[in-house]
Amino acid sequence: MAPWFPGLLAALTALPWLAGAPLIAAAAVPVSCPAPVTAQITGLYRWQVARQNGRGPIDLSSQRSRFTPGLYDQLSKAYRLGPADGGFVDFDLFSGTQAATFGATVVGCVPGEQGGLKALVDVQVGLLNRARDLPVRLGYQMRPGPSGEWTVVDIRYPGDPGFRLSSFLACLCLFHRSTT
């Protein structure tokens, strides 16, 4: 046996992952979201389901209070872009798909960034008036306001790798500025 092997073995066995500790920190277990968080998200999806089959530009003004000012500005700019602009929104930002949205369920909340909460939302999507069996799970980053209201800071989409709404909108608007 090499003279260094016993020392290495002793050091390795002292590591937590060899001692039975989990390799990855356990994910936070969702708890019920505060009522104002659930109200913001369910109100947004009520609007989304009602307006999604309409023609013409998307008017987000009635939903302004649901978003932080920065995210609302990004959304408004992105919705004003069309195919002639070179880059535009070509999927449903509130499901992360190109399918119809049938509704959403707020599953629960976990601690979020900067004192906020991450609301886990299962979105029912599908085609031809039929929702598919498995919902799309989105993560809504929510921020509390001074009067007890909560606003959407960002949306995290699933996938490997997943992506964030704010990052997509920033790239889209940056792309549009560079082509005009």
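Predicted model: local features only at pLDDT ≥ 70, side-chain atom pairs only at ≥ 80, totals over all residues.

Reader: What makes Cys33 and Cys109 a disulfide?

Author: The sulfur atoms of Cys33 and Cys109 are 2.0 Å apart. A disulfide requires cysteine sulfur atoms within 2.5 Å, so the pair qualifies. One disulfide is found in a search of the whole structure.

Reader: Why is the disulfide of Cys33 and Cys109 called right-handed?

Author: The torsion about the S-S bond is about 105°, and the disulfide is therefore right-handed.

Reader: Where in the chain do Cys33 and Cys109 lie?

Author: Cys33 is in the loop between α1 (5–13) and α2, while Cys109 belongs to strand β1 (residues 100–111). The pair links distant parts of the chain, 76 residues apart. Both Cys33 and Cys109 are buried.

Reader: Is Cys171 buried or exposed, and how do you know?

Author: The relative accessible area of Cys171 is 54%. The term exposed applies over 50%, so Cys171 is exposed.

Reader: What makes Glu113 and Arg164 a salt bridge?

Author: The closest N and O atoms of Glu113 and Arg164 are 3.1 Å apart. A salt bridge requires a side-chain nitrogen of Lys or Arg within 4 Å of a carboxyl oxygen of Asp or Glu, so this pair meets the rule. Glu113 lies in the loop between β1 and β2 (117–127) and Arg164 in strand β6 (residues 163–164), so the contact ties together parts that are 51 residues apart in sequence.

Reader: What joins Glu113, Asp154 and Arg164 into one network?

Author: Salt bridges that share partners join these residues. Arg164 pairs with Glu113 and also with Asp154.

Reader: What makes Arg137 and Asp122 a salt bridge?

Author: The closest N and O atoms of Arg137 and Asp122 are 2.5 Å apart, which is within 4 Å, so the pair is a salt bridge. Arg137 lies in strand β4 (residues 136–144) and Asp122 in strand β2, so parts that are 15 residues apart in sequence are tied together. Arg137, at 40%, is partly exposed, whereas Asp122, at 15%, counts as buried. Three salt bridges are found in the whole structure.

Reader: Why is the pair of Tyr45 and Tyr140 called edge-to-face?

Author: The ring centres of Tyr45 and Tyr140 are 6.2 Å apart and the planes stand at 70°. Centres within 6.5 Å make a pair and planes over 60 degrees apart make it edge-to-face, so both conditions hold. Tyr45 lies in helix α2 and Tyr140 in strand β4, so the pair ties together parts that are 95 residues apart in sequence. Tyr45 and Tyr140 are both buried.

Reader: What makes the pair of Phe91 and Phe163 edge-to-face?

Author: The centres are 6.3 Å apart and the planes are at 80°, so the pair is edge-to-face. Phe91 is in the loop between α3 and β1, and Phe163 is in strand β6, 72 residues apart. Phe91, at 16%, is buried, while Phe163, at 33%, counts as partly exposed. Ring pairs link Phe91, Tyr157, Phe163 and Phe168 into a cluster.

Reader: Which residues are closest to the centre of the largest pocket, and how many line it?

Author: The largest pocket holds about 540 Å³ of space. Its lining has 23 residues, and Arg51, Gln52, Ile58, Val89 and Phe91 are the closest to the centre. By class, the lining comprises eleven nonpolar, eight polar and four charged residues.

Key: Residues numbered from 1 in each chain as written. Heavy atoms only, no water. 1 Å grid on protein atoms, 1.4 Å probe; cavity = no way out; pocket = protein on both sides within 12 Å on 5 of 7 lines; lining within 4 Å. Points joined across faces, edges and corners; volume = space filled by probe spheres on them. Nonpolar A, V, L, I, M, F, W, Y, C, P; charged D, E, K, R; others polar. Helix = DSSP H or I, 4+ residues; strand = E, 2+ residues; numbered from the N terminus. Buried < 20%, exposed > 50% of the residue type's maximum accessible area, 1.4 Å probe, protein only. Phe/Tyr/Trp six-rings, centres within 6.5 Å; stacked < 30°, edge-to-face > 60°.
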